[in-house]
Amino acid sequence: AALATSGDLATLSAAQIAAVAPAALAGLNVADVAALSVEQVAALTAAQVATLAASGDLAGLTAAQVVAIAPAAIASLPAAAFSTLNATQVEQLSGEQLAALLPAQIAAIPVGAITGLTAADITAMSPEQVSGLTGAQATALAASGDLVGLSAAQIDALAPAAIAALPAAVIGALTSQNIDD
């Protein structure tokens with residue numbers, strides 16, 4: 001049976017939310033999902049997040065709710081869910097959550113928020129993830145010195161707009177290893 005309203009959900013614990021069959025969540029709408037507590041959102045399984053994402057019902061998630069999503073469920077989030085994050089929230093994403101991000105999700109993170117990533121966060125990204133960086137994001141990260149440690153594979157994966165946005169200081173800091181590999 002489907003859950004009827006957010007009122008029905010409000011009474012459920014995080015453990016109970018995790019036990020709800022994904023199909024039972026199909027009847028919810030954007031407002032119902034947005035009414036979930038951060039603890040309840042953190043308990044959603046990957047299958048539940050995928051069901052809600054497929055129906056567009058994750059559009060109302062707050063940034064705090066997005067940061068609470070389990071790493072296994074991150075890939076199910078629409079890229080637009082990341083467009084509301086600020087730098088502090090991006091900084092709070094765990095290594096496991098960051099590793100699960102898709103390039104389109106990375107591209108959706110606002111320029112002011114992308115600076116929540118550290119050089120270590122960026123160097124831990126796969127080349128595919130780095131390919132999601134926009135020119136404006138690359139400029140912001142380069143200004144804070146967070147792109148100097150990129151590997152050759154990561155540099156190769158940067159979009160032309162991101163390469164063009166790199167300041168001369170970052171290009172000059174590239175080693176022959178970065179360029180030749």
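Which helices are included in what covers the buried residues of H5? They include helix H2 (14–19), helix H3 (30–34) and helix H4 (38–43). This is a predicted model, in which local features need pLDDT of at least 70, side-chain atom pairs count only at pLDDT 80 or more, and totals for chains, interfaces and linings use all residues. Residues are numbered from 1 along each chain as its sequence is written, and side-chain values use heavy atoms, leaving out hydrogens and water.

**The chain**
- The chain has 17 helices and zero strands, taken as DSSP runs (helices: H or I, at least four residues; strands: E, at least two) numbered from the N terminus.
- Of its 181 residues, 40% count as buried; buried means under 20% relative accessible area (1.4 Å probe, protein chains only).
- The C-alpha trace spans about 60 × 25 × 25 Å along its principal axes.

**Helix H5**
- Gln 48, Val 49 and Leu 52 are buried in H5.
- Seen down the helix axis, the buried residues of H5 fall within an arc of 95 degrees, so they line one face; the arc is that of the directions from the axis to the C-beta atoms.
- Gly 56 follows H5 and has a positive phi, near 80 degrees.

**Asp 57**
- Asp 57 sits in the loop between helix H5 (46–54) and helix H6 (63–68), and is buried at a relative accessible area of 7%.
- Its side chain makes a polar contact of 2.7 Å with that of Ser 55; such a contact is a pair of N or O atoms within 3.5 Å, and within protein one must be able to donate a hydrogen and the other to accept it, while residues adjacent in sequence count only if both atoms are side-chain atoms.
- Leaving aside residues up to four places away in sequence, Asp 57 touches Ala 26, Leu 28, Asn 29, Val 30, Val 33 and Leu 52, where contact means heavy atoms within 4.5 Å.

Terms used:
Buried < 20%, exposed > 50% of the residue type's maximum accessible area, 1.4 Å probe, protein only.
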